[in-house]
Amino acid sequence: MAFESSTLPITDFQIGDGAQRNSTLICVPIMAESVEEMLVKMRKAKELGGDLVEIRVDFLKNFIPKQDLDILIKQAPLPTLVTFRPRWEGGRYDGDESKRQEALRLAMELGANYIDIELKVAHDFFSSLPRDRPENVKIIVSSHNYESTPSVEELGDLVARIQATGADIVKIATTALDIIDNARLFQVLVHSQVPMIGLVMGERGLMSRILAAKFGGFLTFGTLEEGVISAPGQPTVKELLDLYNMRHIGPDTKVHGVIGNPIDHSKSPHLYNAAFKSTGFNGIYLPLLVDNVSNFITTYSSPDFAGYSYTIPHKEAGLKCCDEVDPIAESIGAISCMIRRPTDGKLFGYNIDYLGAIAAIEEGLRATSGATPASGSPLAGQIFVVIGAGGAGKAIAYGGYEKGARVVVANRTYDKAKELASKVGGQAITLSELNEFHPEEGMILVNTTSVGMKPKIDETPVSKEALKHYSLVFDAVCTPKLTRLLREAQESGATIVYGAEMFINQAFVQFEMFTGLPAPKRLIRDVLARNT
Ligand code: NAP
């Protein structure tokens with residue numbers, strides 16, 4: 001099933017900077033055992049930028065409906081949604097059903113803006129309402145599936161059943177077993193004739209909570225604090241507003257992300273979302289927890305799903321999903337970036353990891369020689385020794401070869417060094433030969449092994465004695481920043497280039513591929529410095 005987006009009307013709201021925002025509200029679930037604590041949390045929800053609060057009265061200890069609801073609704077600093085979730089729908093209340101519904105009717109009388117009633121009892125609840133029920137309160141009829149996400153047809157039937165109860169707003173929350181499950185709910189959301197909340201719970205459902213703003217969801221939930229959630233997978237209000245720029249997302253927003261597994265610690269969403277915002281590019285960048293790359297790519301086939309970064313373990317699988325692959329990625333057998341061509345939707349794969357390292361090394365060489373980019377690559381004709389023949393080693397060796405360097409590969413497993421060297425027209429040596437290797441002075445050395453990486457910071461792949469023959473040393477290891485190899489290279493008089501420069505430089509390249517705009521380099525450096 002291929003998911004296609006469609007254009008949605010959005011209400012004209014102004015954001016602080018004068019731009020228009022989408023109409024999707026940020027609702028902050030308020031869970032506490034006392035009314036006082038709830039009031040404190042509601043004030044915090046307002047400070048953080050939430051639009052309304054969901055008062056989860058099933059969390060209150062010793063709930064006295066009339067007294068507590070009166071205080072909570074009247075003193076709330078934001079519009080209120082009152083929810084009294086029973087255990088049989090995933091909540092905490094396990095008392096008498098008639099008392100529960102009575103409390104919800106009371107909330108309506110006391111001026112709640114919204115109340116939530118579960119589909120299973122919605123008919124009973126609506127028939128219990130007086131004819132002259134308060135007009136201003138909207139009734140959300142909800143259905144929660146904590147096991148899976150049904151088919152589009154089943155979801156469509158569910159929407160119809162909820163609508164038939166007389167609901168003002170339809171709410172469907174399902175569970176993602178795979179990231180492709182979100183697409184089914186998006187499809188229902190964009191076609192819904194009534195206001196709808198459509199969210200997919202769980203780690204693999206995160207995109208539904210952010211893209212609710214693209215597909216016209218009535219609201220999405222944002223928590224006050226990380227981990228203090230009312231349903232699995234909820235982001236914080238701060239993340240929705242500051243990390244994902246949710247107010248700026250609209251029907252035309254282009255979706256990007258980093259495809260990996262695991263993916264929750266990726267810094268890339270911080271970097272690209274900040275860069276998109278600063279340049280006014282209408283895009284969003286998500287962490288995409290993908291189990292099967294091919295299923296993901298065929299499901300999200302709309303032109304709006306515009307580009308991805310690839311990380312462990314999906315770089316090889318990503319390559320197989322491309323319509324065309326650049327020759328270096330083809331030789332390496334892995335991609336790090338995929339772009340959808342807007343004109344025909346074709347997917348192009350690139351391996352740009354090496355571009356970042358090569359650009360950083362060239363910059364280092366030019367800084368010492370005073371040469372300009374106009375005079376060609378300073379790597380041309382140089383001896384370029386690459387330690388390691390894994391993913392990073394292959395990419396950087398190809399990069400050096402492409403720039404006209406004379407590549408030498410040194411690797412623990414010599415056969416792999418020989419295989420790589422033969423592909424880049426170079427020479428293979430063993431790690432022990434490396435210590436004696438100095439056919440000429442002023443060579444360039446690149447470490448692409450994990451030797452020297454935290455916690456084994458006392459290790460180094462080559463003796464200090466050998467380093468005096470090199471004019472520049474680059475270490476792909478990022479932690480620590482100054483590895484033993486770089487420290488000893490510096491002491492031996494070589495120019496050093498940090499591993500972080502590889503990541504930063506490939507981010508510049510990738511940003512330009514995603515947007516067609518020049519990368520905001522200063523901002524990208526600042527964001528990375530703040531998030532590492
Ligand atoms: P990989 O594919 O697993 O390759 C690892 C390489 O390191 C292989 O050549 C392996 O040799 C060698 N190696 C591992 N342990 C060794 C040891 N104890 N002694 C000698 N050689 C050893 O990994 P990768 O993806 O290329 O990543 C390698 C390093 O680059 C990691 O530290 C990673 O963090 C870093 N990296 C940095 C960036 C960046 O942006 N700065 C980007 C990508 C990678 P064998 O062939 O003998 O196993």
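**Note on the predicted model**

1. Phe125 and Phe126 are both buried (under 20% relative accessible area with a 1.4 Å probe, protein chains only; exposed is over 50%, partly exposed in between). They also form an edge-to-face aromatic pair, with 6.4 Å centre to centre and 80° between the planes. Rings of Phe, Tyr and Trp (its six-membered ring) pair if their centres lie within 6.5 Å; planes under 30 degrees apart are stacked, over 60 edge-to-face, the rest tilted.

2. Basis. This is a predicted model, in which local features need pLDDT of at least 70 and side-chain atom pairs count only at pLDDT 80 or more, while totals for chains, interfaces and linings use all residues. Residues are numbered from 1 along each chain as its sequence is written, and side-chain values use heavy atoms, with hydrogens and water left out.

3. Overall. The protein has 532 residues, 55% of them buried. There are 19 helices and 22 strands (DSSP runs numbered from the N terminus: H or I of at least four residues, E of at least two). The C-alpha atoms fill a box of roughly 95 × 45 × 45 Å along the principal axes.

4. Other rings. The whole structure contains 14 aromatic pairs. Tyr272, Phe276, Phe281, Tyr285, Phe511 and Phe514 are joined by ring pairs into a cluster. Lys481 lies over the face of Tyr498, 4.5 Å from the ring centre (NZ of Lys or CZ of Arg within 6 Å of the centre and within 35 degrees of the ring normal).

5. Second largest pocket. Its volume is about 960 Å³. A pocket is an open set of points on a 1 Å grid over the protein atoms alone, with protein on both sides within 12 Å along at least five of seven lines; a cavity is a set where a 1.4 Å probe fits but cannot get out; lining residues have an atom within 4 Å of a point. Grid points join across faces, edges and corners, and volume is the space filled by probe spheres set on them. Of the 34 lining residues, Leu206, Glu239, Leu243, Tyr244 and Asp264 are closest to the centre. Helices H7 (206-211), H8 (237-243), H9 (268-279) and H19 (521-531) and strand E12 (283-289) each supply at least two lining residues. The lining divides into 14 nonpolar, 11 polar and nine charged residues (nonpolar: Ala, Val, Leu, Ile, Met, Phe, Trp, Tyr, Cys, Pro; charged: Asp, Glu, Lys, Arg; polar: the others, Gly among them).

6. Cavity. One cavity of 30 Å³ or more is found. The largest cavity has a volume of about 60 Å³. Pro29, Met31, Lys41, Thr223, Leu224, Glu225 and Val228 line it.
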